[in-house]
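Please load the model in your viewer, and keep the selection tool at hand.

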Amino acid sequence: MAVKQPFRWATPVILASATPVWAIALNQVDTFQNGTVMGWSEGAASPNPPTNVATGGPAGAGDRFLRNVSSGFGSGGKMVMFNRGQWSGHYAAAGVNRIEADMINLGSTTLYMRIALSDYDESNRYATDPAVVLSPGGGWKHVVFDLTEEGMTQVEGFGTLAGLLTGVSEMRILSSQFPSWRGDDVAATLGVDNITALPEPASLLLAALGGAGSARRRRI
């Protein structure tokens with residue numbers, strides 16, 4: 001007769017990885033045409049969160065865009081919004097070296113727009129420098145934010161930009177006269193559309209030259 005073996009707890013198999021799932025992808029674009037804010041937020045406590053506007057984007061009638069309002073004081077007083085979804089991840093592996101977007105100042109106060117990035121430990125934060133200046137009444141403006149060493153400066157914590165770009169937990173769009181993670185208190189209204197993840201121009205040139213070389217080899 002077979003001897004019944006005593007029951008033993010099996011060692012659990014860990015299916016979920018401790019490593020965050022990288023979300024950033026080269027050439028991804030937030031167009032807001034799906035009618036949502038696509039994960040952009042000011043935080044749960046803000047009384048004036050970002051909203052999706054149905055028309056009036058840079059392409060005109062029917063072109064949706066994201067509007068963000070700041071009151072200049074208290075919760076929701078700063079012109080800053082953040083994304084912890086599709087704009088988090090491994091920027092270096094994705095080849096993302098710059099962010100382009102269309103922006104408009106819909107208020108009466110000059111805005112000094114920047115991109116700011118934080119790592120997962122919140123111990124290393126960088127912001128773009130110089131700022132993109134948006135004047136009131138200036139209409140839609142195509143803007144570029146450089147995410148390389150030449151275009152960013154550390155604003156909090158310690159560590160390198162190269163290290164930060166291997167694991168970004170949060171991207172912010174903010175207005176600040178000086179490089180900052182927090183942004184300035186300002187009563188303002190910002191419109192944003194077509195936020196795009198791109199490589200630096202040098203990378204584009206190398207890719208184009210590589211493609212041309214391959215084409216020449218195929219013709220031989």
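Which glutamate forms a salt bridge with arginine 125? Select arginine 125 and you will find glutamate 122 as its partner, with the closest N and O atoms 3.8 Å apart. A salt bridge here is a side-chain nitrogen of Lys or Arg within 4 Å of a carboxyl oxygen of Asp or Glu. Side chains of opposite charge can pair when their charged atoms come close.

Before moving on, two notes on what you are viewing. This is a predicted model, in which local features need pLDDT of at least 70, side-chain atom pairs count only at pLDDT 80 or more, and totals for chains, interfaces and linings use all residues. Residues are numbered from 1 along each chain as its sequence is written, and side-chain values use heavy atoms, with hydrogens and water left out.

**Stop 1: the salt-bridge network**

Arginine 125 is buried at 8% relative accessibility, whereas glutamate 122 is exposed at 52%. The cut-offs are under 20% relative accessible area for buried, over 50% for exposed, and in between for partly exposed (1.4 Å probe, protein chains only).

Helices (H or I, at least four residues) and strands (E, at least two) are DSSP runs, numbered from the N terminus. Both partners count as partly exposed, arginine 182 at 43% and glutamate 156 at 23%. With the four side chains shown together, you have a network of salt bridges made by Glu122, Arg125, Glu156 and Arg182.

**Stop 2: aspartate 129 and arginine 114**

The model holds eight salt bridges by this rule. For one of them, select aspartate 129 and arginine 114, where the closest N and O atoms are 3.2 Å apart. Aspartate 129 lies in the loop between β7 (124-128) and β8 (132-134), while arginine 114 belongs to strand β6 (residues 111-119), 15 residues away. Aspartate 129 is partly exposed at 34%; arginine 114 is buried at 2%.

**Stop 3: asparagine 105**

Next, go to strand β5 (residues 98-105), where you will find asparagine 105. What is its relative accessibility? Asparagine 105 has a value of 4% and counts as buried. A polar atom of its side chain lies 2.7 Å from the backbone oxygen of threonine 109, and one lies 3.0 Å from the backbone oxygen of leucine 134. Leaving aside residues up to four places away in sequence, asparagine 105 touches several others (contact means heavy atoms within 4.5 Å), including Leu134, Ser135, Pro136 and Thr189.

**Stop 4: glutamine 28**

Select glutamine 28, in the segment before β1 (29-30). Glutamine 28 is buried at 15% relative accessibility. A polar atom of its side chain lies 2.9 Å from the backbone nitrogen of alanine 25. Beyond four places in sequence, glutamine 28 touches Ala23, Gln86, Trp87, Ile195, Thr196 and Ala197.

**Stop 5: proline 201**

Finish at helix α3 (residues 201-219), which includes proline 201. Proline 201 is exposed, with a relative accessible area of 54%.

Methods. A polar contact is a pair of N or O atoms within 3.5 Å; within protein, one must be able to donate a hydrogen and the other to accept it, and residues adjacent in sequence count only if both atoms are side-chain atoms.
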